[in-house]
Amino acid sequence: MSEMEFESTSDRGGGRPRRTTVYTTGILQNNLNTALTAHIDLVNLNDEPVEVRVQVLNWGTAVTQTNPVGSLLDVTQTLVANTRVALNATVVATNHYEVRLTVGRNGNRENVLLTTYGRTSIGGGQVNGLSVLPSQLLTIEVDGCL
């Protein structure tokens, strides 16, 4: 998928980098003594297919961390109209992580919903404090296409 398909703004005259609109959970922490599964439910309620990118970024365990230390999941796909997909990523014990959603320009963002929560394992129970509902996602602008 080309970068041009995602919502972005740029200042052509000032030479500033492209800015992409991203929806994020903010940084969460696996506070268990074992790995957890970050479970993500994504649904496209539009009448048309929508291109989406879902990332689970690993922010490590350091007290101060500049940039994510890696990616636990990075999926770009076309989500068919009125379709739900489930994704999972394993987060190591005590690590911090972030879930990000980027919606292609071809879709209505309000009709693409992401819910995420921590599970003790795939199919296991939910971990208290690690649920993020669609209304709780934050909007950020990032340089380039992360």
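Which residues does T116 touch, not counting residues up to four places away in sequence? The list runs T25, H39, I40, V99, L130, S131 and V132.

**The model overall**

This is a predicted model, and the average pLDDT of the protein chain is 87, with 85% of the residues scoring at least 70. Where pLDDT is low, the predicted coordinates should not be read in detail.

On secondary structure, the protein chain has 9 strands and 0 helices, so to speak a plain run of β-β-β-β-β-β-β-β-β along the sequence. The chain has 146 residues, and 42% of them count as buried. Its accessible surface comes to about 7600 Å², with carbon and sulfur atoms contributing 49% of that. If you take the contacts between residues at least 6 apart in sequence, 74% of them join residues at least 24 apart.

Strand 3 (residues 36-44) pairs with strand 6 over 9 antiparallel bridges, and A38 stands opposite A89 in strand 6. Towards strand 8, strand 3 is joined by 8 bridges, again antiparallel; there D41 stands opposite T115. In a regular strand the side chains alternate between the two faces of the sheet.

**Back to T116**

T116 belongs to strand 8, a strand that is mostly covered, with 6 of its 8 residues buried. Is T116 itself buried or exposed? Its relative accessibility is 1%, and because the cut-off for buried is under 20%, T116 counts as buried. The side chain of T116 also reaches the backbone oxygen of H39 at 2.9 Å, and H39 is one of the residues T116 touches.

**T78, a threonine in strand 5**

T78 sits in strand 5 (residues 70-79). With a relative accessibility of 44%, T78 counts as partly exposed, because that value falls between the 20% and 50% cut-offs. Leaving aside neighbours within four places in sequence, T78 is in contact with P49, V50 and E51. The C-alpha atom of T78 is also separated by 6.2 Å from that of V52, 26 residues apart along the chain.

Here are the residues with a stated accessibility, lined up:

| Residue | Relative accessibility | Class |
|---|---|---|
| T116 | 1% | buried |
| T78 | 44% | partly exposed |
| N82 | 52% | exposed |

Where does N82 lie? It is in the loop between strand 5 and strand 6. N82 is exposed because its relative accessible area, 52%, is over the 50% cut-off. Phi of N82 is near 50°, a positive value in a residue other than glycine.

N67 has a positive phi too, at about 70°, and is not a glycine either. The loop that holds N67 runs between strand 4 (50-60) and strand 5.

Technical notes: Residues are numbered from 1 along each chain as its sequence is written. This is a predicted model: local features need pLDDT of at least 70, side-chain atom pairs count only at pLDDT 80 or more; totals for chains, interfaces and linings use all residues. Side-chain values use heavy atoms; hydrogens and water are left out. Helices (H or I, at least four residues) and strands (E, at least two) are DSSP runs, numbered from the N terminus. Buried means under 20% relative accessible area, exposed over 50%, partly exposed in between (1.4 Å probe, protein chains only). Contact means heavy atoms within 4.5 Å. Accessible areas come from the Shrake-Rupley method with a 1.4 Å probe; for residues, only the protein chains shown count as cover. Two strands pair if DSSP finds at least two bridges between them. pLDDT is the predictor's confidence in each residue, from 0 to 100. A polar contact is a pair of N or O atoms within 3.5 Å; within protein, one must be able to donate a hydrogen and the other to accept it, and residues adjacent in sequence count only if both atoms are side-chain atoms.
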